[in-house]
Amino acid sequence: MTTDTNTTARTRVLTGITTTGTPHLGNYVGAIRPTVQASLNPATQGFYFLADYHALIKCDEPARIQRSTLEIAASWIAAGLDPDKVMFYRQSDIPEIPELTWFLTCVTGKGLLNRAHAYKASVDKNHAAGNDPDADVSAGLFMYPVLMGADILMFKAHKVPVGRDQIQHIEMARDMASSFNHLYGEHLVLPEAVIEESVALLPGLDGRKMSKSYDNTIPLFSSSAQLKKLISGIVTDSRAPGERKDTEGSALFQIYQAFASAQETATLAKAYADGMGWGDAKQILFERIDREIAPMRAQYEELINNPAKVDAILLKGAAKARELATPLIKELRHAVGLRALASSDHTEASTKTARAAVPSFKQYREKDGQFYFKLADPQGRVLLQSLGFSSPKDAGLAIAQLQQDNAKAMPELGSQIGLGEGVKLTEVAAALDALRAELAEKTKAKG
Ligand code: TRP
């Protein structure tokens with residue numbers, strides 16, 4: 001019998017939603033609906049949570065965070081998530097997460113965080129405005145990727161379904177896990193991002209990405225009448241009924257596509273070509289969305305009107321999640337040396353050899369199907385970055401050549417690899433030396 005706390009065999013899928021706003025159709029199509037579908041797969045174990053610590057980074061309105069947490073939780077359940085089948089919890093109910101955040105903070109290079117997109121975007125904006133680079137940047141924003149890393153590593157997640165804008169954060173979580181493991185032994189699992197290719201970015205009322213920050217959203221749960229009214233406000237071009245319409249670049253068409261079957265979509269495409277009027281197209285879109293959402297409304301309302309019920313569900317979920325978090329944090333505390341003074345540890349010697357932090361090669365495959373590698377220093381700074389190789393073997397050969405011939409191989413491989421930003425060739429040579437010394441050490445230890 002598998003119970004829901006038996007996590008050994010199943011692939012663990014984990015994702016969170018930041019609790020700063022009212023869930024809209026973009027959240028539904030991009031996060032809520034796919035996670036509900038994934039939770040029905042018995043080969044996976046789902047961890048779905050309300051990222052309310054993350055909310056504090058962007059929002060200083062307590063009532064809004066509270067309301068958003070209720071709305072997102074109720075939406076998830078109304079959309080079909082079964083809290084008895086998955087781990088469903090609120091981040092701030094798991095005190096082990098901030099503790100792990102600190103452990104990870106101490107193994108994460110500041111330089112790695114300097115390169116995070118969200119932080120860099122704020123700095124660039126300040127530059128453009130002639131302000132101090134860190135004006136209005138909280139340390140919370142800077143630390144965002146570490147908190148997210150703790151969310152993921154706390155539950156040893158294998159797969160993390162996220163939007164493209166979050167891929168970098170998952171890579172950083174991998175870096176944090178490998179640094180930690182490197183220093184203290186194999187405790188953490190390296191996660192992988194999962195990008196749903198089929199989940200298109202949903203456009204909003206004005207045609208830009210549907211997002212709270214553009215104020216162009218359609219709430220997931222509004223009355224039928226309100227939904228209809230909002231849909232009538234989607235931008236279209238000025239073509240009259242009878243004129244042929246383009247599906248390309250039509251926000252209305254893209255939203256329809258996110259809800260309709262392939263056949264329904266083809267029918268609408270034909271109607272566009274035949275000159276369907278915008279009013280009729282909006283009516284069709286309204287009916288299609290309402291058909292999917294209407295059956296969920298009653299349960300959503302019921303939960304929104306009984307917040308204590310949602311509290312109870314979340315607390316129960318947190319208790320279940322902590323059955324995993326508590327033993328892991330205990331193990332990690334011990335590993336880093338936060339332990340009873342009387343306890344003696346016999347793994348110390350191996351930890352010590354592991355502590356000589358060395359650079360490492362990382363191989364990976366990109367969307368373009370090509371194989372890449374990079375050489376990173378122990379703090380995660382990229383020293384070398386390759387271009388794409390057509391096979392993993394070719395990439396491996398290039399790595400082997402670098403390891404053998406050190407910087408001598410550089411000119412030869414010059415067309416395939418480049419130095420990281422601001423990196424000097426001598427640094428690469430030193431890193432490769434360190435790596436070779438470490439290999440020799442290991443071989444000696446084994447022999
Ligand atoms: N940062 C994510 C977002 O804004 C939310 C999030 C927080 C998350 N922690 C996570 C997603 C862990 C996946 C895994 O979309």
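Strand S1 (residues 11–18), helix H1 (residues 25–39) and strand S2 form a right-handed β-α-β unit, where right-handed says that, with the strands pointing away from the viewer, the path from the first strand over the helix to the second runs clockwise. Helices (H or I, at least four residues) and strands (E, at least two) are DSSP runs numbered from the N terminus. This is a predicted model, in which local features need pLDDT of at least 70 and side-chain atom pairs count only at pLDDT 80 or more, while totals for chains, interfaces and linings use all residues. Residues are numbered from 1 along each chain as its sequence is written, and side-chain values use heavy atoms, with hydrogens and water left out.

S1 and S2 pair in the parallel sense over 8 bridges (pairing requires that DSSP finds at least two bridges between two strands), and Thr-11 has Thr-44 of S2 as its bridge partner. S2 also pairs with strand S3 (residues 87–90), again in the parallel sense, over 4 bridges, with Phe-88 in S3 as the partner of Tyr-48. In S2 (residues 44–51), 8 of 8 residues are buried (under 20% relative accessible area with a 1.4 Å probe, protein chains only; exposed is over 50%, partly exposed in between).

In helix H15, Ala-395, Ala-398, Ile-399 and Leu-402 are buried. Seen down the axis of H15, the buried residues fall within an arc of 100°, so they line one face, the arc being that of the directions from the helix axis to the C-beta atoms. On the other side, Lys-393, Leu-397 and Gln-404 are exposed.
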